[in-house]
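Notebook open, structure on screen.

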Amino acid sequence: MPESLTAAEPKAEPRWPAVLGLLAIGGVYLALPERLTIGPNWTVLAVIAALLVPTIVLHRVGSIRLSFWLGIVLSALVTAAIVWSLGALIVALPEKGLPPTQLLSSAAALWTGNVLAFASWYWRLDAGGPSLRDQRHQHTEGAFLFPQMTQHGSSSMRGWKPGFVDYLFLAFTTSTAFSPTDAPVLSRWAKALMMVQSCISLGTVAILAARAINIL
């Protein structure tokens, strides 16, 4: 078959938005006082940087499976750190050991970290992960039904695949509305993750922020 008639290679998704999202989690974690963190508040950023390097290297050399599982470990550690800090902040509320402004900034940091962490989860797991999505010409099935997936007759949507920003928006709406807004959830694992994310968001917004405002 002539080369001009062969199908074009699927376009690979850029990884740098997801990398920036993970590094941003470490950045917002720096806003937390050390009494709410496991060790110094720069520990999470150091762990993220230390695990990101081998994850990227493994992906570059073609060890997709190892890179995938190392990314899962990274997301799990980040999520565990956020949950631990949320618990520490709730425990610190009756003691009134933190000024109101610090309570607000800590709640905002945890809420932001929660959005970024679960955006990473959805991006990493949906439809087998970014490496498997890269092998497809179009995103037609997955854990989330994005609006573009229903526009079969639109030429502008031909070849569309979700990127990290799409999953970031999904995580953002889950943390604000406690439910997805424009993308119904189809998979059980995604529903479970969204319940965990909503619980963390509820803890930061409804409990911590409200308490801080009341004592201002």
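Before the helix pairs, a note on axes: they are lines fitted to C-alpha atoms, for helices over the stretch in contact, and angles run from 0 to 180 degrees between N-to-C directions. Helices (H or I, at least four residues) are DSSP runs, numbered from the N terminus. This is a predicted model, where local features need pLDDT of at least 70 and side-chain atom pairs count only at pLDDT 80 or more, while totals for chains, interfaces and linings use all residues. Residues are numbered from 1 along each chain as its sequence is written, and side-chain values use heavy atoms, with hydrogens and water left out.

**Entry 1: α1 and α3.** I looked up this pair and found axes that come within 12 Å and cross at roughly 25°. That makes α1 roughly parallel to α3, since angles under 35 degrees count as roughly parallel, over 145 as roughly antiparallel, 65 to 115 as roughly perpendicular and the rest as oblique. The crossing of α1 and α3 is left-handed (the near helix is turned anticlockwise from the far one by less than a right angle; clockwise would be right-handed). From α1, Leu-22, Ile-25 and Tyr-29 meet Leu-74, Val-78, Ala-81, Ile-82 and Ser-85 of α3, with contact meaning heavy atoms within 4.5 Å. I sorted the α1 and α3 contact by class and got 7 nonpolar, 1 polar and no charged residues. For the classes, Ala, Val, Leu, Ile, Met, Phe, Trp, Tyr, Cys and Pro count as nonpolar, Asp, Glu, Lys and Arg as charged, and the others, Gly among them, as polar.

**Entry 2: α1 and α2.** Here the angle is about 165°, with the axes 8 Å apart. That makes α1 roughly antiparallel to α2. I noted a left-handed crossing for α1 and α2. On the α1 side the contact includes Val-19, Leu-23 and Gly-26, and on the α2 side Val-44, Ile-48 and Ile-56 are among the residues. The α1 and α2 contact divides into 10 nonpolar, 2 polar and no charged residues.

**Entry 3: α4 and α6.** α6 covers residues 164-177, and α4 packs against α6 at about 130°, axes 8 Å apart. The two helices are therefore oblique to each other. I have the crossing of α4 and α6 down as right-handed. Trp-111, Phe-118 and Tyr-122 are among the α4 residues in the contact, and α6 brings residues including Phe-164, Tyr-167 and Phe-172. What classes make up the contact of α4 with α6? I got 13 nonpolar, 4 polar and no charged.

**Entry 4: the cavity.** On a 1 Å grid over the protein atoms alone, a cavity is a set of points where a 1.4 Å probe fits but cannot get out, and a pocket is an open set with protein on both sides within 12 Å along at least five of seven lines; lining residues have an atom within 4 Å of a point. Grid points are joined across faces, edges and corners, and a volume is the space filled by probe spheres set on the points. I found 1 cavity of 30 Å³ or more. Its lining is Val-28, Tyr-29, Leu-32, Ile-82, Ala-109, Leu-110 and Gly-113. α4 gives the most to that lining, with 3 residues.

Entry 5: The largest pocket comes out at about 480 Å³. I count 24 lining residues, with Arg-15, His-59, Ser-67, Trp-123 and Pro-130 nearest its centre. Two or more lining residues come from each of α1 (16-29), α2 (43-60), α3 (64-92), α4 (100-125) and α5 (130-134). The pocket lining splits into 12 nonpolar, 6 polar and 6 charged residues.
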